[in-house]
Amino acid sequence: MTSLKSVVPNVATASAAFGDLSADQQAEIWSRARIRRLPRGETLVLQNTPADAVFVVVSGRFEVRLEGLPAPL
């Protein structure tokens, strides 16, 4: 399994998105983080599906598509 540290060498910098949380709270989040690599074109989340995770995009691109809209946002 790939370690989070190898993908995000400076976890402290990556934690800026969680800046309002204490260092202990941020450490708890990162200790539970799992790496997920997606092949091009794979769907990560579907609209109207109950949430059970938070995703942090470390590299790459993604599109957001909403039902009823012809083009990605």
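I took a salt bridge to be a side-chain nitrogen of Lys or Arg within 4 Å of a carboxyl oxygen of Asp or Glu. With that in hand I checked Arg36 and Glu42, whose side chains meet in a salt bridge at 3.8 Å, N to O. I note at the start that the model is predicted.

**Entry: salt bridges**

I searched the whole structure and found three salt bridges. The pair Arg36 and Glu42 is one of them. I looked up the cover on Glu42. Its relative accessible area is 40%, so I put Glu42 down as partly exposed.

Next I turned to Arg32 and Glu28. Their closest N and O atoms are 2.5 Å apart, and the two form a salt bridge. Where do Arg32 and Glu28 lie? Both are in helix H3, four residues apart, about one turn of the helix. I then read off the accessibility of each partner. Arg32 counts as exposed because its relative accessibility is 59%, and exposed means over 50%. Glu28 has 37%, so I list Glu28 as partly exposed.

I also checked Glu63 and Arg65. They form a salt bridge, with the closest N and O atoms 2.8 Å apart. Are Glu63 and Arg65 buried or exposed? I found both exposed.

**Entry: the fold in outline**

I went along the protein chain and counted three helices and zero strands. In sequence order I wrote the pattern as α-α-α. How much of the chain is buried? Of the 73 residues, 10% are buried.

I then sorted the contacts by sequence separation. Among those with a separation of 6 or more, 32% join residues 24 or more positions apart.

**Entry: Val57 and the nonpolar patch**

Val57, Phe62, Val64, Leu66 and Leu69 make a patch of about 450 Å². I placed Val57 in the segment after helix H3 (23-32). Is Val57 exposed, partly exposed or buried? With 46% relative accessibility, Val57 counts as partly exposed. Patch residues need over 30% relative accessible area, so Val57 clears that cut-off at 46%.

**Entry: the largest pocket**

I looked up the largest pocket and noted a volume of about 1700 Å³. Its lining has 39 residues, and the closest to the centre are Leu38, Leu44, Phe55, Val57 and Phe62. I met Val57 and Phe62 above, in the nonpolar patch. Which helices supply at least two residues of the lining? Helix H1 (4-7) and H3 each do. H3 gives the largest share, three residues.

**Entry: Glu67**

Last, I looked at Glu67. I found Glu67 in the segment after H3. Because its relative accessibility is 63%, Glu67 counts as exposed. What does Glu67 touch, leaving out residues up to four places away in sequence? I noted Gln47 and Asn48. I also checked the distance to Leu46. The C-alpha atoms of Glu67 and Leu46 are 9.8 Å apart in space, and the two residues are 21 apart in sequence.

Note on methods. Residues are numbered from 1 along each chain as its sequence is written. This is a predicted model: local features need pLDDT of at least 70, side-chain atom pairs count only at pLDDT 80 or more; totals for chains, interfaces and linings use all residues. Side-chain values use heavy atoms; hydrogens and water are left out. Buried means under 20% relative accessible area, exposed over 50%, partly exposed in between (1.4 Å probe, protein chains only). Contact means heavy atoms within 4.5 Å. Patches are made of residues with over 30% relative accessible area and no salt bridge: like charges are joined within 9 Å, nonpolar side chains (Val, Leu, Ile, Met, Phe, Trp, Tyr) within 5 Å. Accessible areas come from the Shrake-Rupley method with a 1.4 Å probe; for residues, only the protein chains shown count as cover. On a 1 Å grid over the protein atoms alone, a cavity is a set of points where a 1.4 Å probe fits but cannot get out, and a pocket is an open set with protein on both sides within 12 Å along at least five of seven lines; lining residues have an atom within 4 Å of a point. Grid points are joined across faces, edges and corners, and a volume is the space filled by probe spheres set on the points.
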